[in-house]
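Good morning, and thank you for coming. Please look at the sequence and the structure while I speak.

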Amino acid sequence: MSDRPAVVRWLATPRFVLIAIIVVLVAVLTAVKPSFLNGAFVLAPLITSITVFTVVGLAQMMVLSIGHMNIAVGQMAAFGAMASGISFDLFALPLAAGLLLGLVAGAAIGALTGWIIARTGVNSFIVTLAMSFALLGLVPTVYSALSTGSAFVVKPEGFDLLGRSSFSSVCLAGWCGPAAIPLMVVPVLVVMALVGLLYQRTRWGRELLLTGSNVTAAELSGIPTARRIVMAHTLSGTLAALAGILLATSIGSFTPSIGDEFMLQSFVGPILGGTLLAGGYVSVVGTFLGITLTLVIRKGLELFGVGIETLNVLLGVILLVALSADRVREIRLRRGRAPGSAPGRPSGSTPDRTPDAEEVPA
Amino acid sequence: MRRTTLPLAVTAITAAALLLSGCTPQASSGGGAEATGLDTVKVALVPGGPHPYFQPWIAAADQAKTDFGLGDATFNETAGWDQTKENDVINSLVANGYNAFGVFGVSPTDINSTFQNLKQNGIASAALGSCPAGDVNDADFCLSTDTEAAAYKAAQATIQAMGGKGVLAHLTGVNVDSNTQRRIAGVKKAVEETNGAVTLLPDVTDIDTDITTAQKAVADLLASKGSEITGIVSTAYNPAVAAATAVKESGLPISLVAIDDDETILAAIEDGSVYATIAQNPTGQAYVGSYALAKLASKECTMADPGAIIDSGSFVVTKENVATYDDERTAASEQLMKDFDADHLVCS
């Protein structure tokens with residue numbers, strides 16, 4: 001354990017840095033462009049984007065926790081959303097049943113990916129890349145075959161409420177909630193809490209982190225690493241599908257292009273938030289903050305009328321900075337581990353960095 | 001303390017969001033809807049993404065600003081062919097005070113949601129260049145080429161050039177776009193009318209991304225089936241330009257009918273290597289659309305038939321009228337303006 005006070009340790013985390021940057025950025029944007037606080041046309045769309053992309057970031061974080069990556073996160077989102085769209089459009093299922101079907105489809109494709117990786121030992125990059133290509137062909141083909149105009153447009157009851165309504169439609173004792181906060185934040189906060197609890201409070205979560213930290217040590221400790229790999233990819237697929245479905249509800253229909261923008265953002269959020277690419281350390285709140293920072297920057301640039309090329313350049317620069325930060329953190333962790341530190345211990349237990357809620361086995 | 005980090009963070013996030021939303025300025029719900037004269041109207045033309053088709057919109061917006069004395073007229077193509085990004089662009093423009101929108105929706109199945117949102121906030125909107133999918137248009141009006149009719153005209157012209165028989169190839173854009181489905185339907189209709197004299201090859205879709213993609217697709221098509229193809233109809237811009245060059249260079253006896261009036265295509269029509277093209281009216285869409293939007297946003301007028309779908313015109317250009325077709329198009333735009341004043345707008 002470190003001798004530094006908890007507050008000092010918190011101030012040294014990527015999360016505090018992100019919070020500080022976001023607060024300064026919001027203050028500057030508000031001062032220069034007061035319209036940044038426009039509820040209906042700036043804050044509500046911004047918060048909707050943050051919620052959707054936070055789930056995308058968590059989907060990637062799941063596999064990063066075991067040292068893998070999911071290149072197919074966008075296509076898995078499209079696949080899960082497609083299953084929901086089919087259930088509404090062709091089978092007239094109610095919202096809850098369609099959502100469940102979409103999540104099961106995402107879980108199934110994620111489980112298949114994880115099973116292939118665990119059985120063959122092929123690098124997750126290769127397997128998810130192959131899965132990405134397969135779904136890239138499959139999803140538009142199914143849309144073309146089963147829909148008119150390549151879109152599923154039937155909306156069950158509650159569809160618009162989930163995707164396009166805000167707390168202004170929730171009234172109590174004559175008072176209604178703010179129009180700037182979409183109702184979609186509720187399920188996403190629940191998902192964040194569940195993912196946080198998984199890593200913080202459950203044996204499965206600790207085993208995922210140990211598998212990511214050192215797979216050999218994890219195996220020698222009796223952890224069924226193959227099952228944990230399948231589990232991580234299953235959860236990644238499920239979350240990707242949820243993100244795809246949420247995006248569909250926010251734009252109004254299910255189309256093959258859902259998830260096209262997910263892949264890069266899925267890495268930016270977790271890495272900026274402190275999740276290690278090498279596995280063994282995750283941060284749910286950090287992922288949320290990383291996503292928030294990039295989307296606030298993007299929104300700010302949009303308000304200033306900056307072109308798409310500049311936005312893409314900026315996203316690339318942010319990713320490079322995040323990857324560099326990840327490398328620096330990894331080097332610091334190695335230095336911290338070296339003397340008197342047991343091999344294979346989860347990175348959160350290193351003397352250099354005291355773990356916090358999301359990363360530590362209880 | 002460790003165990004409380006996540007709940008604390010979630011609470012902080014919720015509190016911050018509530019705090020920010022509580023600071024929403026009064027202007028947020030109005031979006032400039034209280035304008036009373038055209039000089040208070042700020043028109044934004046938002047294409048689905050970068051594409052040569054929209055370039056005439058820039059000059060048309062500037063012209064409309066000058067001619068009608070608008071507060072501003074801007075062109076923003078940063079959507080990058082993504083409906084979510086296009087919505088973000090529109091939202092940002094509203095936040096910057098724009099109160100009239102001419103939009104080429106990226107996703108015809110979703111753009112009605114965007115129009116509904118604008119309408120709820122008292123902002124005038126028009127679907128320009130592409131109408132929403134289905135029978136409902138939630139914008140104030142749609143001013144667009146009737147894509148199925150234009151494709152039908154193009155296919156008919158191609159079949160005529162083929163002598164009424166042979167093998168026809170159809171090159172087009174994004175398959176998931178319902179407008180592409182309409183174009184495919186238009187071409188099929190023309191082919192079916194030949195009672196089997198013309199055979200239609202499977203549609204070549206998704207090649208309008210850029211000129212390189214189109215060139216490769218056309219080269220592959222000519223390499224594999226060039227000897228049997230007797231006619232090509234392109235209902236998308238980039239494949240039309242690519243096919244015009246490729247057919248000319250190959251020397252194959254293929255009758256080509258293109259779309260739009262790129263210089264390459266017009267030159268090819270003049271030298272006879274392209275039989276015809278179907279010119280659309282992007283300038284008229286932007287100029288007349290800006291005029292009508294300004295009238296609606298200023299509250300001077302309302303739509304006689306809200307959500308009306310209005311054809312901006314399509315023009316068959318052959319060797320005979322290649323030098324004069326633009327006059328026909330200009331006349332069509334002037335007629336459109338008169339139609340808006342006489343029929344589509346109800347003014348106080």
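Predicted model: local features only at pLDDT ≥ 70, side-chain atom pairs only at ≥ 80, totals over all residues.

Let me begin with a definition: two residues are in contact if their C-beta atoms, placed from the backbone, lie within 7 Å. By that criterion, residues 24 or more positions apart account for 73% of the contacts in chain A with a separation of 6 or more.

Residues are numbered from 1 along each chain as its sequence is written, and chains are lettered from A and ligands numbered from 1 in the order in which they are written.

Chain A has 14 helices and two strands. Helices (H or I, at least four residues) and strands (E, at least two) are DSSP runs, numbered from the N terminus. Of the 362 residues in chain A, 54% are buried. A residue is called buried if 20 or more other C-beta atoms lie within 10 Å of its own, exposed if 12 or fewer, and partly exposed in between, with C-beta atoms placed from the backbone.

I turn now to chain B. Its domain 1 covers 30-145 + 282-313 + 326-347, and its domain 2 covers 147-279; these bounds come from an automatic or database domain assignment. How far apart do the C-alpha centres of the two domains lie? The distance is 30 Å. Nine residues from domain 1 of chain B and eight residues from domain 2 of chain B form the contact. On the domain 1 side, four of these residues are nonpolar, four are polar and one is charged. Here Ala, Val, Leu, Ile, Met, Phe, Trp, Tyr, Cys and Pro count as nonpolar, Asp, Glu, Lys and Arg as charged, and the others, Gly among them, as polar.

Next, the sheet of six strands. In chain B an open sheet runs in the order β2-β1-β3-β4-β5-β12, with parallel pairing. Two strands pair if DSSP finds at least two bridges between them. At the edges are β2 (72-75) and β12 (308-311) of chain B, each pairing on one side only. From one strand to the next, the twist averages 20°. Axes are lines fitted to C-alpha atoms, for helices over the stretch in contact, and angles run from 0 to 180 degrees between N-to-C directions.

Within this sheet, β1 (residues 42-46) and β3 (residues 100-103) of chain B are joined in the parallel sense over four bridges. B:Val43 has B:Ala100 in β3(B) as its bridge partner. Helix α4 (residues 111-120) of chain B packs on the sheet, touching β3 and β4 (124-128), and its direction makes about 160° with that of β4(B). Helix α10 (residues 282-297) of chain B also packs on the sheet, touching β1, β2, β3, β4 and β5 (141-144), again at about 160° to β4(B).

Let us move to another group of strands in chain B. Strand β8 (residues 231-234) and β9(B) pair in the parallel sense over three bridges, and B:Ile232 stands opposite B:Leu256 in β9(B). With helix α8 (residues 237-250) of chain B, these two strands make a right-handed β-α-β unit. Right-handed means that, with the strands pointing away from the viewer, the path from the first strand over the helix to the second runs clockwise.

Strand β9 (residues 255-259) in turn pairs with β10(B) in the parallel sense over three bridges. The chain crosses between them through helix α9 (residues 263-271) of chain B, and this crossover is right-handed. Five of the five residues of β9(B) are buried. In the loop between β9 and α9 of chain B we find B:Asp260, whose phi is near 70°, a positive value in a residue other than glycine. Is B:Asp260 buried or exposed? B:Asp260 is buried, because 21 other C-beta atoms lie within 10 Å.

Finally, β10(B) pairs with β13(B) in the antiparallel sense over three bridges, where B:Ile278 has B:Val316 as its bridge partner. The buried residues of helix α11(B) pack against β10 (276-279), α10, β13 (315-317) and β14 (345-347) of chain B. B:Glu334 lies in this helix, residues 325-344, and is exposed, because 12 other C-beta atoms lie within 10 Å.
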